[in-house]
Amino acid sequence: LTLKTLAKALGLTQKRIGGLFKNHPKYNSLGDYLNEKRFLYACRLLRDEPNWTIEAVGAEAGFGGRRTFQIEVKRRLGITPLQYRQSQV
């Protein structure tokens, strides 16, 4: 998803969408918003899909690879994806 495709789908200009994110207290850009949603989706998958591998969860959520996914979860939560999954049981 890009700013251009989102603008076209919503019938808005890229500048208008960019301005909405610029004024948002939590997200500075579309990328920030998408990363947050990707992360939350991955956490939900870790909880709800215990038979899925960590790699499958990361891939489904749109992370580039297992390492990228592990780094992001560790940065945000201070634990690995596997530790997060185990804590949710």
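Before looking at any residue, I wrote down my burial scale: buried means under 20% relative accessible area, exposed means over 50%, and partly exposed is in between (1.4 Å probe, protein chains only). I also noted that this is a predicted model, where local features need pLDDT of at least 70 and side-chain atom pairs count only at pLDDT 80 or more, while totals for chains, interfaces and linings use all residues. Residues are numbered from 1 along each chain as its sequence is written, and side-chain values use heavy atoms, with hydrogens and water left out.

**Entry 1**

I started with Gly31, which sits in helix H3. Helices here (H or I, at least four residues) and strands (E, at least two) are DSSP runs, numbered from the N terminus. Gly31 has a relative accessible area of 34%, so I filed it as partly exposed. I then looked from Gly31 to Leu1: they are 30 residues apart in sequence, and their C-alpha atoms are 9.2 Å apart in space.

Next came Gly19, in helix H2. Its relative accessibility is 23%, so Gly19 counts as partly exposed. From Gly19 to Glu72 I counted 53 residues along the chain, and their C-alpha atoms are separated by 27 Å.

Leu12 is partly exposed, because its relative accessible area is 37%. Which residues does Leu12 touch, not counting those up to four places away in sequence? I found Ala7 and Ile17, where contact means heavy atoms within 4.5 Å.

**Entry 2: H1 against H2**

The axes of H1 (residues 3–10) and H2 (residues 14–22) come within 9 Å and cross at roughly 105°. For my own reference, axes are lines fitted to C-alpha atoms, for helices over the stretch in contact, and angles run from 0 to 180 degrees between N-to-C directions. H1 and H2 are therefore roughly perpendicular to each other, a label that covers 65 to 115 degrees (under 35 is roughly parallel, over 145 roughly antiparallel, and the rest oblique).

On the H1 side I listed Leu3, Lys4, Leu6, Ala7 and Leu10, and they meet Gln14, Ile17 and Gly18 in H2. I sorted the residues of this contact into five nonpolar, two polar and one charged. My classes were Ala, Val, Leu, Ile, Met, Phe, Trp, Tyr, Cys and Pro as nonpolar, Asp, Glu, Lys and Arg as charged, and the others, Gly among them, as polar.

**Entry 3: H3 against H5**

At what angle do H3 (residues 30–48) and H5 (residues 66–77) pack? I read about 95°, with their axes 11 Å apart. That makes H3 roughly perpendicular to H5. Asn35, Glu36, Phe39, Ala42, Cys43 and Leu46 in H3 meet Phe69, Glu72, Val73, Arg76 and Leu77 in H5. By class, I had seven nonpolar, one polar and three charged residues in this contact.

**Entry 4: the whole chain**

I zoomed out and found six helices and zero strands. The radius of gyration is 15 Å, well over the 12 Å that the globule rule gives for 89 residues, so the chain is more spread out than a compact globule. That radius is taken over C-alpha atoms, and the rule is 2.2 Å times the number of residues to the power 0.38. The C-alpha trace spans about 45 × 25 × 20 Å along its principal axes. Last, I noted that buried residues make up 26% of the 89 residues.
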